[in-house]
Amino acid sequence: MNEHRRDLLAGALPDVAGHVHDEPQGTLDWVGMSNIAMPIRVLDVDAQHTAQAAIQLYVNLGDSHAKGIHMSRLYRTMGNALAEAPLTPNSLAALLREMRATHEGISTDALIEFAFELLLNKPALVSDNSGWNRYPIRLRGELRDGTLRIEQEVVVHYSSTCPASAALARSVIQEQFTEDFEARENIEPSEVKDWLGTQQGIVATPHGQRSAATVKVQLREGLTYFPIARLVQDIEDVLGTPVQTAVKREDEQEFARRNGQNPMFCEDSARRIKQLLITEADVTDFLVHVEHFESLHAHNAVSMVAKGVPHGYRATPA
C-alpha cells in the first residue's frame, strides 16, 4: 500500500477511543496491556544481556470524558525505544515520559515492567566446570504523581541447612559414639577417624532445603546500567550456598562442607541480605522476601524485611 493511500485510509477510519463517551464517566488508575512478548537488550555493568521478555505497560486515564486510551501508540512507542538502544534506568525513565506524552491531555502517569529469565554462567566451587543458572528478573519503571521510581527485582535460589536440625544430628552422633566406645579405656585416633567414616558413625544428618530470596530494590536516579549480575553475585556470596550447575565430586563435597559450616534459619538469610543492601550505593530502598521450602514440614518458612524508608517499601505478606 502506497503512502498516499495509507494516509487517506487513516483519515477516513473511525477513532472511537478519541470520542467523548455518553456512558457513566470517571477516571481510571491504569489502562494498558499485559503479557506482551518482545525481545529486549539490557545494559548491565560489564555486559549487555539479551532476553525474551513478558511486558506490561500502562498509562492512567485522567480525563473523565475520554472514552479510552490509544494502546497502539503505547506499543509503537515502546517498540521504537527498545529497538534503538539497550534498556538502562535512564532510557527506561525516558520511555515513561514518551508514553505519557503520547496521551497528553488525558494521562499524567505511566508504568512499564519487563519480566524475563536471565541466564548467567557460573563456575563450580572447586573444579574447572561451569554451567548456566537461571535468574527470574523484573525491571519496572513508574512515573506517578510526578515521582519517578526505577526498580529491579531478582530471585536467587540457594541451599539452607537448619541450625536446629544440625544440633540435633550432632547430639545423636554423640550418643552413638558413647554407645560404641564407652566400654573402651584406650581409643586410638585412627579408630575414631575410621568410625566417623562409617554410616554407623554419621548416624544422623541435618535436614536442608532449597530456598529462594526475592530481592526488590529501588535504584538511585541517573544510573546508566542495571546492576543485575553484581547484585546476584553479592547475594550468593553473602548466603554462601547458592545452587550449583555442573559439578564433580569435589564440588559436591565443598557444597556439603559449606552447608555444614553455614546453617541458616530464614531469619538469618534475611538479615544477611539486609546488611548487604544497606551498604549498596546504587540502592535507595529495598524489600527482601526469603522463603525456605521445608523438607521437615509441609509448610514453608518465610522472613521479610524492608529498609524502612518513609513512604517506601513495606514488608507486608501478600
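1. Basis of the note. This is a predicted model, in which local features need pLDDT of at least 70 and side-chain atom pairs count only at pLDDT 80 or more, while totals for chains, interfaces and linings use all residues. Residues are numbered from 1 along each chain as its sequence is written, and side-chain values use heavy atoms, with hydrogens and water left out.

2. Overall form. The protein has 8 helices and 8 strands, where helices (H or I, at least four residues) and strands (E, at least two) are DSSP runs numbered from the N terminus. Its radius of gyration, taken over C-alpha atoms, is 27 Å, well over the 20 Å that the globule rule (2.2 Å times the number of residues to the power 0.38) gives for 318 residues, so the protein is more spread out than a compact globule. The C-alpha trace spans about 105 × 40 × 35 Å along its principal axes.

3. Of the 318 residues, 40% count as buried, on a scale where buried means under 20% relative accessible area, exposed over 50%, and partly exposed in between (1.4 Å probe, protein chains only). The accessible surface, from the Shrake-Rupley method with a 1.4 Å probe, comes to about 17900 Å², and 50% of it belongs to carbon and sulfur atoms. Among contacts (heavy atoms within 4.5 Å) with a separation of 6 or more, 69% are accounted for by residues 24 or more positions apart.

4. Charges. With Lys and Arg counted as positive, Asp and Glu as negative, and His and the chain ends not counted, there are 30 positive and 43 negative charges, whose mean positions are 5 Å apart. The place of each charge is taken as NZ of Lys, CZ of Arg, CG of Asp or CD of Glu.

5. Cysteines. How many disulfides are there by the distance rule? The count comes to 0, a disulfide being a pair of cysteine sulfur atoms within 2.5 Å. The sulfur of Cys162 has its closest cysteine sulfur in Cys266, 9.9 Å away, which is too far for a bond. Cys266, likewise, is in no disulfide. Cys162 counts as buried at 13% relative accessibility, and Cys266 counts as buried at 7%.

6. Positive phi values. Asn35, in strand 1 (residues 28-43), has a phi near 60 degrees, a positive value in a residue other than glycine, and with a relative accessible area of 64% Asn35 is exposed. Asp145 lies in the loop between strand 4 (130-144) and strand 5 (147-161); its phi is near 55 degrees, again positive in a residue other than glycine, and Asp145 is exposed with a relative accessible area of 67%.

7. Gly208. This residue is found in strand 6 (residues 208-219) and counts as partly exposed at 35% relative accessibility. Not counting residues up to four places away in sequence, Gly208 touches Ser160, Thr161 and Ser295. The C-alpha atoms of Gly208 and Leu148, which are 60 residues apart along the chain, are separated by 41 Å.

8. Gln48. This residue belongs to strand 2 (residues 48-61) and, at 42% relative accessibility, counts as partly exposed. Leaving aside neighbours within four places in sequence, Gln48 is in contact with Arg41, Val42, Leu43 and Pro86. The C-alpha atoms of Gln48 and Leu87, 39 residues apart along the chain, are separated by 9.2 Å.
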